[in-house]
Amino acid sequence: MYASHEDIGCDCEDDSKHGVKKLKPDPDIDGGWAWMIVFSSFLVHVLIMGSQMALGVLNMEWLEEFSQSRGLTAWVSSLSMGITLIVGPFIGLFINTCGCRKTAITGGLLNALGWILSSYASNVHYLFITFGVTAGIGSGMVYLPAVVMVGEYFQKRKALAQGLSTTGTGFGAFLMTVLLKYLCTEYGWRDAMFIQGAVCLNLCVCGALMRPIYHKEETTEKERISSKTQSHLKELSCSAETLTSNGVLCEEEKDRQSKDHMPGILPASESKGATRLGKNIYILYILKTVSQLTVTVRNGFRTWYASYFGAASLFTNRMFAAFVFWALFAYSTFVIPFIHLPEIVKQYNLSAENDIFPLTSIIAIVHIFGKVILGIISDSPCVSAWNVFMAANFTLVTCILILPLMRTYVGLAVVCALIGFSSGYFSLMPVVTEDLVGIKQLANAYGIIICANGISALLGPPFAGWIYDLTKKYDYSFYICGLLYMVGILSLLIQPCIKKKKTATEKNIENGKV
């Protein structure tokens, strides 16, 4: 399904003199329709990630409506966010089989259905199924293709394109919060979810914009001449068969020609034969379609299975395995400040300053600029995207460890701004993943990465709350999660050193054998 960089970005043109294929650049790569793909991915982030960031508005309505505990009600939004990311590896199977466009359109319908069915909820457990599971799976089926398609359409400016598309999360968080507040005030939360489901049908339009890249190979003059000669030979053989069957044209053919000139005369046997022939052709067409679909599903499943469990498994790449280990701790470290900052502000008696300009808003606003700026820096030829990615990770983990030490609003605002900027490395994750595994395995590999992020988002906040219940302080939750995050970062640093040592020992062994 996914081709290499050259196949995606270029059409093949044969050189008749040397027999070498020249690469003809595709105008849609790094320009043209590629920017429509970025726009489509931006809207996907607005409608999916922005809506999930604004679920706090609905969470308050659910608490009043169903009178359940805060912990049980919070699982609705946690399930939706977690399942969106956790289903990533399974969405890779759909992409390998059906392609990004069909997967995204199906996911848009499923996501809208989840929102609409949730408007008829009678209890929280009903929302677990309709909103947490149904809408969550639909969101995952749109989110992964949106990221993969940007990676396919860009080669030179990947980081910038991913940064621009993922800024939709920040804009969506602001827009969807305002929209849901207005709808809940004017129509109530049930009608608000129904209207939001209609709005999410625009995800199908975003999926329709994800036009796949078709690879065309221009044939040489020799191939054209050979194809023409083969077609002429077929025509001559067919005419020879008709002429030499009895030496002349058959009498039956003459009779048919004479009957064709006589209008209104058609034997009953011929009409019956025509209907039977039409039925047989229709049955053969159905069988051919089913067989083609079966082959496509089988090939897609083989590719998906080989990526995870076969000899060419992604986990044989130790650097990628370390990347997955890092992802298990990364997302929760980013989410925890959003959850615990309001309580920290209350403990430090900073509510008046925070009401004027909330600290979480500072993180969200600077996060948008961080994605774009880090993307521009990573696309520069003198800077490695991996080095920018690691520097942003070290900045983020340092800020998480320092944040509990800040006691003033100014100090907390500065640290939150650094958290928002450094967390812009999320736009570099698809770029780094592609550098590790290649464009062919991007869908499957990034599916695993966001699955690890989903587990982190699902278990991280409850883990931090459990630490607070034991210690009665929010400081330890930041320290422990920051240290776990540091372990994940160190695993990314250790793997290249191990590779260098192994290559050095292998060279020494080869020299000794020589």
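A cavity is here a set of points, on a 1 Å grid over the protein atoms alone, where a 1.4 Å probe fits but cannot get out. Grid points are joined across faces, edges and corners, and a volume is the space filled by probe spheres set on the points. The model is predicted, so that local features need pLDDT of at least 70 and side-chain atom pairs count only at pLDDT 80 or more, while totals for chains, interfaces and linings use all residues. Residues are numbered from 1 along each chain as its sequence is written, and side-chain values use heavy atoms, with hydrogens and water left out.

By this definition the structure holds 2 cavities of 30 Å³ or more. The volume of the largest cavity is about 250 Å³. Its lining (residues with an atom within 4 Å of a point) consists of 17 residues, and M49, Y143, Y331, K371 and F426 lie nearest the centre. At least two lining residues of the largest cavity come from each of α2 (33-53), α7 (124-153), α15 (318-347), α17 (359-379) and α21 (442-471). Helices are DSSP runs of H or I with at least four residues, numbered from the N terminus.

Two of the residues nearest the cavity centre, M49 and K371, are also in contact with T169 (contact means heavy atoms within 4.5 Å). Neighbours within four places in sequence left aside, the contacts of T169 are H45, M49, G50, M53 and K371. T169 belongs to helix α9 (residues 168-187). This residue counts as buried because its relative accessibility is 11%; buried means under 20% relative accessible area, exposed over 50%, and partly exposed in between, with a 1.4 Å probe and protein chains only.

The largest nonpolar core contains 119 residues, and W326, F389 and Y425 have the most contacts inside it. Such a core is a set of buried Ala, Val, Leu, Ile, Met, Phe, Trp, Tyr and Cys residues joined through side-chain atoms within 4.5 Å. With residues up to four places away in sequence not counted, Y425 touches W326, A330, L374, F389, A392, N393, L396 and Y485.

The structure has 2 salt bridges, each defined as a side-chain nitrogen of Lys or Arg within 4 Å of a carboxyl oxygen of Asp or Glu. In one, K158 pairs with E434, and the closest N and O atoms are 2.3 Å apart. K158 lies in helix α8 (residues 158-166) and E434 in helix α20 (residues 429-437), so this pair ties together parts 276 residues apart in sequence. Both K158 and E434 are buried. Another salt bridge joins the side chains of E65 and R190 at 3.4 Å, N to O. This pair also links distant parts of the chain, with E65 in helix α3 (residues 55-66) and R190 in helix α10 (residues 189-200), 125 residues apart. E65 is partly exposed, at 41% relative accessibility, as is R190, at 28%.

Helix α4 (residues 70-86) contains S80, and R70 is found in this helix too. R70 counts as exposed because its relative accessibility is 62%, whereas S80, at 3%, is buried. Beyond neighbours within four places in sequence, S80 is in contact with Q52, F131, G132 and G136. The C-alpha atoms of R70 and M60 are separated by 9.3 Å, the two residues being 10 apart along the chain.

A search of the whole structure gives 0 disulfides, a disulfide being a pair of cysteine sulfur atoms within 2.5 Å. C98 is partly exposed, at 37% relative accessibility, and C100 is buried, at 6%.

Note on methods
1 Å grid on protein atoms, 1.4 Å probe; cavity = no way out; pocket = protein on both sides within 12 Å on 5 of 7 lines; lining within 4 Å.
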